[in-house]
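Dear colleague,

Please find the structure below, as promised. I have set out after it what I found when I went through it, and I would be glad if you followed along in the viewer.

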Amino acid sequence: NSLTRRKDVFVPQHGKRVTWYCCGPTVYDASHMGHARSYISFDILRRVLRDYFGYDVLYCMNITDVDDKIIKRARQNYLFERYREKQPQAAQVLQDVHAALKPFSAKLRETTDPDRRQMLERTQRAVELAAEPLQRAVQSGLPAEAANGCAEVLLEEAKDLLSDWLDGSLGSEVTDNSIFSKLPKFWEEEFHRDMEALNVLPPDVLTRVSEYVPEIVNFVQKIVDNGYGYASNGSVYFDTVKFASSDRHSYGKLVPEAVGDQKALQEGEGDLSISADRLSEKRSPNDFALWKASKPGEPSWPCPWGKGRPGWHIECSAMASALLGASMDIHGGGFDLRFPHHDNELAQSEAYFENDCWVRYFLHTGHLTIAGCKMSKSLKNFITIKDALKKHSARQLRLAFLMHSWKDTLDYSSNTMESALQYEKFLNEFFLNVKDVLRAPVDITGRFEKWADEESELNRSFQDKKAAVHEALCDNVDTRTVLEEMRALVSQCNLYMAARKAARRRPNRALLESIALYLTHMLKIFGAIEDESTLGFPVRGPGTSLDLEATVLPYLQVLSEFREGVRRIAREQKVPEVLQLSDALRDDILPELGVRLEDHEGLPTVVKLGDREALLREREEKRRAEEEKRRKKEEAARKKQEQEAAKLAKMKIPPSEMFLSESDKYSKFDENGLPTHDTEGKELSKGQAKKLKKLFEAQEKLHKEYLQMVQNGSFQ
């Protein structure tokens, strides 16, 4: 609980009914992995509360479709498209880009944040590089077609820079309110598609700021009536000093140490609301906008203070309170929303209701980093959900999240995803093996077999693991520990099945089925398996909801049994060509269809249906491993051959000749060819002579062996 910064016992206000409000996205761009971090994590928590602990959860979420970022982006998009439609001449484009670079360069010089500065420098350099070919084309008077091609490239590269420049000079002329609703509507639809693709449950209630403006106006008015808000120049601000000095209230409950952080407060107010005249309207620098007077080029609604629009923080307070009343059980959001957004929400809501318990449990999901680096839309360092789903499945992403605590920082990296892929493969192999056991034909009574010590021991472990899983879920929904307990249980099952296979005995069907069904049930609760799957990960037909496993496995089983019969006859009749064909069916043909056959000596072939791409990767890895093994074997044989050739060459040298070629070391030799003097004419020491004598005797022995081999006809 972020409010207490500790683990608290979860006791809802109304028995098993839970009211929950979650901050939704500000829809002005594509949803990214930072969104996924929050919404998958809250989806897991929601499912666990609902489907494991049996709570009746009312889950509400908002869509922020009125916001400074949306207004600015919508205006910029509109002005840029209007600029393109006018089809400006190449020279005009070049002139306008140079004009836009001036304020951009000034902004760059004023930027102190190193990450943001680096991003702006990259943008500036890319635009300057794209401008060079157009500059040359205009100066050299190239044909219009060539110059226009260069202009198109520059327009694409300089889109953000030009849009900002156009907005600065023409933004106030944009008055059509539909321009400000078109952009968020598009990105909201994309957000819902992304959530569906991630298997995130839709909220029970969804609110949009644009649909709650009358409620927001009434909410602001009551805060003013209660003495905690004041109008100033058409805007309305929250009086933080008055609120904090009240005996009943305290400001900055979540992050008291951040109160007064002007940078964070200004980010919370929005880019269009931090001008000098706006800041001068406040009684205190810590005060924040409840209602903003609309300037030219901004959407507006009528209200008692003149035409304006809602502040950011008030939106959630008004919408959540309209649905959940004066006190909710859970409020959730990303870690970076704690201050000022959630602290301001708490303050204005408790000012409205004159209470101090608007939220009982505040939950914040941890940050998401990209390979150890901070992720940020403003820094253009983000991965969209759609791009992430091109690399990994929704299940794999969810398993990665489940393997980490929902409240801690999660690093989205190749290592993180590799761990998730390995975990998925580990579980899938277990499910496929259990399915194979269950497919073995037995009569009804044969399904129930007497338990030996091994079954009793496995069942005891099963019960222990279930208890450990329950304890972990009670402990702040610790999915990381849950997955480790599930891994340990599967490992014990694998050892049990391997022991049974080694003893040529069937494993106990009923016990393995119970364990596999329990694991499937837990993965369903976590949203990692779709509801309709009975056991394990479902295998779907491409682009359909068809249960491929139930449909094709009976036919594959017949094919496998036929293949086994053919292989048996081919071995008995010694027909290697048929064995090669059956191997090709297993290794080359069926993996292309997503089918794996596993041959086991003395046991029936196991048929497994899997992901085609994964099977092809496995096949490629196996081939690479075999190729590496063959290469190493050949290398070892070559080295052995070289060593034998070198040894033979050495054996051929008579001992009397072995030192004669070393004239760089010795100058005189005795009658046997042993060195007596070094190159300077000095007689060798007794120690040196003794050492050389030993080498001479060893060579003498080797040469005799060689002569013996020649005599015996070992060499031609």
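**Helix 10 and its surroundings**

Just after helix 10, glycine 270 takes a positive phi of about 100°. Please keep in mind that this is a predicted model. At the other end, where helix 10 starts, a side-chain oxygen of aspartate 261 comes to within 3.2 Å of the backbone nitrogen of lysine 263.

Helix 10 covers residues 262-269, and its buried residues are Ala264, Leu265, Gly268 and Glu269. If you look down the axis of helix 10, these buried residues fall within an arc of 140°, so they line one face of the helix. The face of helix 10 that is turned away from the buried side carries Lys263 and Glu267, which are exposed. Among the elements that cover the buried residues of helix 10 are helix 2 (68-85), strand 5 (235-238), strand 6 (288-293), helix 12 (312-324) and helix 13 (338-353).

**A valine in a loop**

Valine 174 lies in the loop between helix 6 (159-170) and helix 7 (178-197). Is valine 174 buried or exposed? With a relative accessibility of 3%, valine 174 counts as buried. Leaving aside residues up to four places away in sequence, valine 174 touches Arg75, Tyr78, Leu79, Ile179, Phe180, Gly297 and Glu298. Histidine 404, by contrast, is 230 residues from valine 174 in sequence, and their C-alpha atoms are 46 Å apart in space.

On the side of helix 3, the contact is made by Asp96, Val97, Ala99, Ala100, Leu101, Pro103, Phe104 and Lys107, while helix 6 contributes Leu161, Leu162, Asp164 and Trp165.

**The cysteines**

How many disulfides does the structure hold? There are zero, where a disulfide requires two cysteine sulfur atoms within 2.5 Å. For cysteine 22, the closest cysteine sulfur is that of cysteine 23, at 6.6 Å, which is too far for a bond. Cysteine 316 is likewise in no disulfide, as the nearest cysteine sulfur, again that of cysteine 23, is 3.8 Å away. Cysteine 22 is buried, with a relative accessible area of 0%, and cysteine 316 also counts as buried, at 2% relative accessibility.

Terms used:
Residues numbered from 1 in each chain as written. Predicted model: local features only at pLDDT ≥ 70, side-chain atom pairs only at ≥ 80, totals over all residues. Heavy atoms only, no water. Buried < 20%, exposed > 50% of the residue type's maximum accessible area, 1.4 Å probe, protein only. Helix = DSSP H or I, 4+ residues; strand = E, 2+ residues; numbered from the N terminus. Arc of directions from axis to C-beta. Contact = heavy atoms within 4.5 Å. Polar contact = N/O pair within 3.5 Å; in protein donor to acceptor, adjacent residues only side chain to side chain.
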